[in-house]
Amino acid sequence: MSVEQHLTDRNLALELVRVTEAGALAAARLVGRGEKEEADGAAVSAMRIAFQSVHIRGTVIIGEGEKDHAPMLYNGEAVGFGDGPEIDIAVDPVEGTNAVAYGRPNGLAVIGCTPKGGMFNPGRSYYCKKLVVGKEAANVIDLDAPVADNLKKIAFALGKPVSELNIFVLDKPRHVGLINDIRIAGARIHLYTDGDVAGALMAADPRHQMDVLMGIGGTPEAVITACALKGTGAQMLTRLNPLSDEERKNIEADGISIDTIRSIDDLITSNESYFAATGITEGELLDGVAYRGEYAITSSMATRGRTGTTRYIQAWHNRKKLATMSSVRY
C-alpha cells in the first residue's frame, strides 16, 4: 500500500492541530515580553513532545534548521511515534517571532506535511518573491509582470476597480519600491510588520477583505503556505530571492535553481497534503490564545489538499488537568 493510499481515509491535519495547539499554548505565556527566542524555544519544546503522539514516521524537511542553530525540530530530525506512513514535515513553531515577542497581530504556530517526497526542499534559501491570490484570479497573475499590470488583471477577475483592491505587504525596507508601485497603480496597501503565512492565507480566503499578497518573504513559509493552499484553487507564484551573497552561494551550492518560478503545485507535488495552524496572538485569520479562569482557549485551522476542505476549530484546554499530564507549561 502506498503512503497516499494509507492516508486516503485519514485527515492528518486534524491530528497535527494538537501539535500546533501545544506550541501556541506554550508560546502564549511569553506574548509581549520581548523574549522572542524564549517564546520560540517554548513552542519548539511543546511541539516536539506533542509530535510523539502522532502515528507517523516523520522527517523535518523545513524546521528551525541551520538558520536558527536549533537543537530541536531541526532539518532532518525524525518526529512522530515511529510507526505509520513516512511523512515530510515543514514546521514553524512561531511564525512571527516578533509578533509574539511584542504583542503584535498574526503570530501563529504552523505545520505543513506531505507523504515522503511530496514537498520542495528549499535548502538554505531563506527568502523568495511571492504573489498570492484567491481562486478567482488564480489564472491571471504573472510574477514577472509590472505591478500595475498584475493589479489590473486581478481587479478585472474579481469584478471591481483597482482602487478597491486590498494588498498585503510586509512593512520592510526592501519593499519601498513595491509600495510606491502599488500606490501609483491606485490600490489600497495594508502594511504588516509580521505574518508572512497569515497574510498569504488572508489573500486566498474569500471571507477576508485582503485580495493579494505581494513582496519578498520567507521561503520556508512559502512551502508551508503551499500546503495550506493546495486544493483550494488559490495560487501562489514564487521565485527564490536571496538577500545576501552568502545565501545566493549556498543555494547554488545546493544545486537549486534561483531563477525558476514555482507555483503551489511545484512546491507541493502530492495532492495528499495537510496544514494545521493555531493562533498565538490575536489576528485577522485566527484568534490568539485567550484565558478564562483555568481554561486556555485556542483557535485553529486545518486544511487537506485532496478534498480542499478547511476546518476552523476552537478548543478549551483545562490547564490544571494538562499540568498533571505534561511537563510543558501551559
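1. In what follows, Ala, Val, Leu, Ile, Met, Phe, Trp, Tyr, Cys and Pro count as nonpolar, Asp, Glu, Lys and Arg as charged, and the others, Gly among them, as polar. On that scheme the lining of the second largest pocket comprises 14 nonpolar, six polar and five charged residues.

2. The model is predicted, so that local features need pLDDT of at least 70 and side-chain atom pairs count only at pLDDT 80 or more, while totals for chains, interfaces and linings use all residues. Residues are numbered from 1 along each chain as its sequence is written, and side-chain values use heavy atoms, with hydrogens and water left out.

3. Among the 25 residues lining the second largest pocket, Gly134, Ala204, Asp205, Pro206 and Arg207 are the closest to its centre. The greatest contribution to this lining comes from α8, with three residues.

4. The structure contains twelve salt bridges (a side-chain nitrogen of Lys or Arg within 4 Å of a carboxyl oxygen of Asp or Glu). One of them pairs Arg104 with Asp194, whose closest N and O atoms are 3.5 Å apart. Because Arg104 lies in the loop between α5 (97-101) and β4, and Asp194 in the loop between β7 (188-192) and α8, the pair ties together parts that are 90 residues apart in sequence.

5. Relative accessible area is classed as buried under 20%, exposed over 50% and partly exposed in between (1.4 Å probe, protein chains only). Asp194, at 9%, is buried, whereas Arg104, at 31%, is partly exposed.

Conventions: On a 1 Å grid over the protein atoms alone, a cavity is a set of points where a 1.4 Å probe fits but cannot get out, and a pocket is an open set with protein on both sides within 12 Å along at least five of seven lines; lining residues have an atom within 4 Å of a point. Helices (H or I, at least four residues) and strands (E, at least two) are DSSP runs, numbered from the N terminus.
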